[in-house]
Amino acid sequence: MEIIQIVGVGLLATVLILVLKEQKPVFAFLLATVTGILIFMVLLGKIGGVISTLQRLAESSGMETVYLKTIFKIIGISYIAEFGAQIVRDAGQESIASKIELAGKVLIMTLAVPIIGIIIETVMKLLPA
């Protein structure tokens, strides 16, 4: 029932932000950022459980760990880029948020190229000559 706590913190922060935004917009932005970081920190434990489960599955299937680590990096980049872009967007800087998202996409594509190459090689081996 952690979602109830997360929603409660989110609603409380939203009310405080609406009150602060009128008088001290900087404090409202800081409260929004701290609330986002707090919620992200709560979720880190859950993400760790998912990662360890996927590692066990990969080891049992005989998958090379380098590919799994690359996929974890891609997932991490996407979450961090989205989180950073939302914080910047909350501050009213849509242009910078778009640049953060673009940087995340480029970094993801850079990491995905070796995996795409392996998939293409595997498909080519399966096709009859």
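The radius of gyration is taken here over C-alpha atoms, and the globule rule is 2.2 Å times the number of residues to the power 0.38.

**Figure 1. The whole chain of a predicted model.** A compact globule of 129 residues would have a radius of gyration near 14 Å. The protein chain has 20 Å instead. Its C-alpha atoms fill a box of roughly 70 × 35 × 20 Å along the principal axes. Of the 129 residues, 16% are buried. The chain exposes about 9,600 Å². Carbon and sulfur atoms supply 74% of that area.

**Figure 2. The helices of the protein chain.** The chain holds four helices and zero strands. Read from the N terminus, the order of elements is α-α-α-α. Now take the contacts between residues at least 6 apart in sequence. Of these, 47% join residues at least 24 apart.

**Figure 3. Helix H1 against helix H2.** Helix H1 covers residues 2-23. Helix H2 covers residues 25-61. The two axes come within 7 Å and cross at roughly 170°. Angles over 145 degrees count as roughly antiparallel, so H1 and H2 are roughly antiparallel to each other. On the H1 side, the contact includes Ile6, Val9, Ala13, Leu16 and Leu20. On the H2 side, Phe27, Leu31, Thr35, Leu38 and Val42 are among the residues taking part. Charged residues join in too, including Glu2 and Lys21 of H1 and Lys46 of H2. By class, this contact has 15 nonpolar, two polar and three charged residues.

Figure 4. Is Thr35 buried or exposed? Thr35 has a relative accessible area of 12%. Buried means under 20%, so Thr35 is buried. Which residues does Thr35 touch, leaving aside its neighbours within four places in sequence? Thr35 is in contact with Val9 and Ala13. Val9 and Ala13 belong to the H1 side of the contact between H1 and H2. Thr35 itself is part of the H2 side.

**Figure 5. Helix H3 against helix H4.** Helix H3 spans residues 65-90, and helix H4 spans residues 94-126. The pair packs at an angle of about 170°. The axes of H3 and H4 lie 8 Å apart. That angle makes H3 roughly antiparallel to H4. By class, the contact of H3 with H4 has 16 nonpolar, five polar and five charged residues.

Definitions and conventions:
Residues numbered from 1 in each chain as written. Predicted model: local features only at pLDDT ≥ 70, side-chain atom pairs only at ≥ 80, totals over all residues. Heavy atoms only, no water. Helix = DSSP H or I, 4+ residues; strand = E, 2+ residues; numbered from the N terminus. Buried < 20%, exposed > 50% of the residue type's maximum accessible area, 1.4 Å probe, protein only. Contact = heavy atoms within 4.5 Å. Axes fitted to C-alpha atoms, helices over the stretch in contact; angles between N-to-C directions. Parallel < 35°, antiparallel > 145°, perpendicular 65-115°, else oblique. Areas by Shrake-Rupley, 256 points an atom, 1.4 Å probe, with all protein chains shown as cover.
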